[in-house]
Amino acid sequence: MKLNKKDILKALESITVPGEGQNMVESGAVKNVVTFGDEVIVDLTIKNPSLQAKKRTEVDVLKTIHEQVYEKAKITVNVKVDAPAQPAKNVIKGKPVPGIQNIVAVASGKGGVGKSTVTANLAVSLAKMGFKVGVLDADIYGPSIPIMFDVEAERPLAVNIDGKSKMKPVENHGVKVLSIGFFTKPNQAVVWRGPMAAKALNQMIFDAHWGELDFMLIDLPPGTGDIHLSIMQSLPITGAVIVSTPQNVALADAKKGVAMFQQESINVPVLGLIENMAYFTPDELPDNKYYIFGKEGARNLAEDLKVPFLGEIPLVQSIREAGDVGRPAALQTATPLERAFEVLTQNVVQEVVRRNDSLPPTEAIKITTMAGCSAVKK
């Protein structure tokens with residue numbers, strides 16, 4: 001039997017294109033129909049990129065021509081997918097805080113690795129270099145930044161900015177600071193669920209007058225939980241720094257911290273890893289190094305994960321003492337500690353510059369399904 005092109009087109013009008021609501025002739029999905037005796041070639045272009053839609057379209061064409069035109073027709077169906085450009089997964093830009101150039105999250109998968117200490121010393125080192133710096137203490141349940149800046153007795157003042165009342169961050173050592181610790185009593189536990197904590201964070205971010213900042217450092221709580229997602233939904237984070245000690249227990253959690261930021265639905269650049277408590281050198285034996293928590297664990301992890309290694313900080317009593325009295329150790333002049341924090345800070349700044357030169361601005365994430373909260377498979 002000799003097939004007729006008109007008969008083929010008429011049959012194809014009875015087939016609806018998946019996801020478009022029109023038949024494939026009206027929608028323009030049929031690009032070409034060629035007949036040779038009992039053979040027919042149908043060229044189609046659909047917009048639905050799913051394999052299921054492509055297969056269904058092919059099956060519908062075969063079945064319809066066999067039923068409505070000729071049951072023994074030899075049919076070739078060529079289905080091409082021309083899907084429209086999909087918007088980026090991060091469909092919202094977030095609310096950038098006016099005047100803040102770079103937002104760096106300081107995180108750790110595990111508690112007790114000295115993340116807040118590193119944040120405080122990074123902040124004062126940046127300030128010593130001439131940068132305008134702010135620190136947001138996002139550790140709602142265990143805020144320690146006020147102690148480390150010797151401002152735990154301070155309270156933010158209200159200032160009028162363009163007719164709106166805003167919080168003025170507390171300032172010391174050239175660094176602006178806001179923390180939930182300013183709004184609670186020293187012996188008061190913060191017993192809040194996630195939404196309440198997220199609301200408090202948003203107020204400290206958007207209801208504060210930070211002014212012009214080159215860097216805002218966000219001291220995140222340990223882990224990979226609700227506070228982290230709230231921050232990343234609220235702000236376009238420039239990049240994240242992961243702090244770990246060299247021991248395997250801490251490295252296992254640091255790896256999860258890196259994986260969280262690299263998760264496809266989050267996609268925050270990891271600027272690098274910092275190894276804290278890298279080694280111990282006693283004053284009476286200045287040439288000796290004792291690797292109490294293991295040797296170069298974070299350095300090796302950074303190499304394995306292909307992220308920069310930003311530097312190591314030794315286990316020194318004066319770092320702890322300086323944090324307890326609210327004068328970060330990086331303020332000590334002409335000491336090995338000052339130099340160690342300077343090198344670390346220079347590496348962080350270098351990675352921020354490199355990241356800004358090579359990558360587009362980070363977008364705040366928009367989680368629309370529970371998939372954004374799923375376990376990270378890395």
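Okay, a definition to start: helices here are DSSP runs of H or I with at least four residues, strands are E runs of at least two, and both are numbered from the N terminus. For the expected span of a helix, take 1.5 Å times one less than its number of residues.

What we're looking at is a predicted model, where local features need pLDDT of at least 70, side-chain atom pairs count only at pLDDT 80 or more, and totals for chains, interfaces and linings use all residues. Residues are numbered from 1 along each chain as its sequence is written, and side-chain values use heavy atoms, with hydrogens and water left out.

So, helix 3. This one runs over residues 115-128, 14 residues in total, and spans 20 Å from first C-alpha to last, close to the 20 Å expected at 1.5 Å a residue. A quick word on burial: buried is under 20% relative accessible area, exposed is over 50%, and partly exposed is in between, using a 1.4 Å probe and protein chains only. Helix 3 is largely enclosed by the rest of the structure, because 13 of its 14 residues are buried. After the helix comes Gly130, with a positive phi near 105 degrees.

Gly114 sits in the loop between strand 4 (100-107) and helix 3, and is buried at 16% relative accessible area. Ser116 is in helix 3 itself, buried at 9%.

What do they touch? Contact means heavy atoms within 4.5 Å. Leaving out neighbours within four places in sequence, Gly114 contacts Val243, Asn276 and Met277. With residues up to four places away likewise left out, Ser116 touches Ser144, Ile145, Met148 and Asp219.

On to salt bridges, meaning a side-chain nitrogen of Lys or Arg within 4 Å of a carboxyl oxygen of Asp or Glu. The whole structure has nine. One of them joins Glu338 and Lys128, with the closest N and O atoms 2.7 Å apart. Glu338 is in helix 10 (residues 336-358) and Lys128 is in helix 3, so this pair ties together parts 210 residues apart in sequence. Glu338 is buried at 13%, while Lys128 is partly exposed at 38%.
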